Amino acid sequence: MLGEDHSLIHEFPEYQDIIVKLCQSDEAFAKDTKHYNALDKEIRVLELKGAPIDDEAMHQLKHDRAVLKDALYHQLTHFNG
């Protein structure tokens, strides 16, 4: 669905407490989370505007978001705090 929210908290509500803890204690995780959420917002805005960029550029944005999401998920599932 176009314009759907894929922010980290929305995607992994069961990890909300861990996301908050990691964002406060791990600078790299916080930076990656911020970048992930910014990519997600950019994609949503473009989708709602009818994707005024070429397909390859949109595909790259979505690919980058997916790679980052996988890395963040790995960190969430291996958190020992």
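Which residues does Lys69 touch, not counting residues up to four places away in sequence? I looked this up first: Lys69 touches Glu11, Phe12 and Tyr36, where contact means heavy atoms within 4.5 Å.

**Entry: ground rules.** I am working from a predicted model, in which local features need pLDDT of at least 70, side-chain atom pairs count only at pLDDT 80 or more, and totals for chains, interfaces and linings use all residues. Residues are numbered from 1 along each chain as its sequence is written, and side-chain values use heavy atoms, with hydrogens and water left out.

**Entry: the chain.** I counted 4 helices and 0 strands; helices (H or I, at least four residues) and strands (E, at least two) are DSSP runs, numbered from the N terminus. The pattern along the sequence reads α-α-α-α. I noted a C-alpha trace that spans about 40 × 20 × 15 Å along its principal axes. Of the 81 residues in the chain, 25% are buried. Here buried means under 20% relative accessible area, exposed over 50%, and partly exposed in between (1.4 Å probe, protein chains only). Of the contacts between residues at least 6 apart in sequence, 68% join residues at least 24 apart.

**Entry: Lys69, continued.** I placed Lys69 in helix 4. With a relative accessible area of 22%, Lys69 is partly exposed. I also checked Lys69 against Tyr15: they are 54 residues apart along the chain, and their C-alpha atoms are separated by 13 Å.

**Entry: helix 3.** I find 22 residues in helix 3 and a reach of 32 Å from the first C-alpha to the last, close to the 32 Å expected at 1.5 Å a residue. The expected span is 1.5 Å times one less than the number of residues. The buried residues of helix 3 are Phe29, Thr33, Tyr36, Leu39, Asp40, Ile43, Leu46 and Glu47. Seen down the axis of helix 3, these buried residues fall within an arc of 160°, so they line one face of the helix. The arc is that of the directions from the helix axis to the C-beta atoms. On the other side of helix 3 I listed Glu27, Lys31, Lys34, Lys41 and Leu48 as exposed. The buried residues of helix 3 pack against helix 1 (8-11), helix 2 (16-25) and helix 4.

**Entry: helix 4.** I find 23 residues here, and helix 4 reaches 33 Å from its first C-alpha to its last, close to the 33 Å expected at 1.5 Å a residue. Met58, Leu61, Arg65, Leu68, Leu72 and Leu76 are the buried residues of helix 4. Helix 1, helix 2 and helix 3 are included in what covers them.

**Entry: helix 3 with helix 4.** How do the axes of helix 3 and helix 4 cross, and within what distance do they come? I have the axes of helix 3 (residues 27-48) and helix 4 (residues 55-77) coming within 10 Å and crossing at roughly 145°. Axes are lines fitted to C-alpha atoms, for helices over the stretch in contact, and angles run from 0 to 180 degrees between N-to-C directions. Helix 3 passes helix 4 in a left-handed crossing; left-handed means that the near helix is turned anticlockwise from the far one by less than a right angle, and right-handed that it is turned clockwise. The contact residues include Tyr36, Asp40 and Glu47 of helix 3 and Arg65, Lys69 and Leu72 of helix 4. By class, I have 10 nonpolar, 3 polar and 8 charged residues in this contact. Ala, Val, Leu, Ile, Met, Phe, Trp, Tyr, Cys and Pro count as nonpolar, Asp, Glu, Lys and Arg as charged, and the others, Gly among them, as polar.

**Entry: helix 2 with helix 3.** The axes of helix 2 and helix 3 are 5 Å apart and pack at an angle of about 115°. This crossing is left-handed. I find the contact made by Ile19, Leu22, Cys23 and Ser25 of helix 2 and Glu27, Phe29, Ala30 and Thr33 of helix 3. By class, there are 5 nonpolar, 2 polar and 1 charged residues. Ala30 is partly exposed, with a relative accessible area of 23%. The C-alpha atoms of Ala30 and Ile19 are separated by 8.7 Å, with the two residues 11 apart along the chain.

Entry: I placed Ser7 in the segment before helix 1. Ser7 counts as buried, at 17% relative accessibility. Residues up to four places away in sequence aside, Ser7 touches Tyr36, Asn37 and Asp40. Gly50 lies in the loop between helix 3 and helix 4 and, at 57% relative accessibility, counts as exposed. Gly50 and Gly3 are 47 residues apart in sequence and 10.0 Å apart in space, C-alpha to C-alpha.
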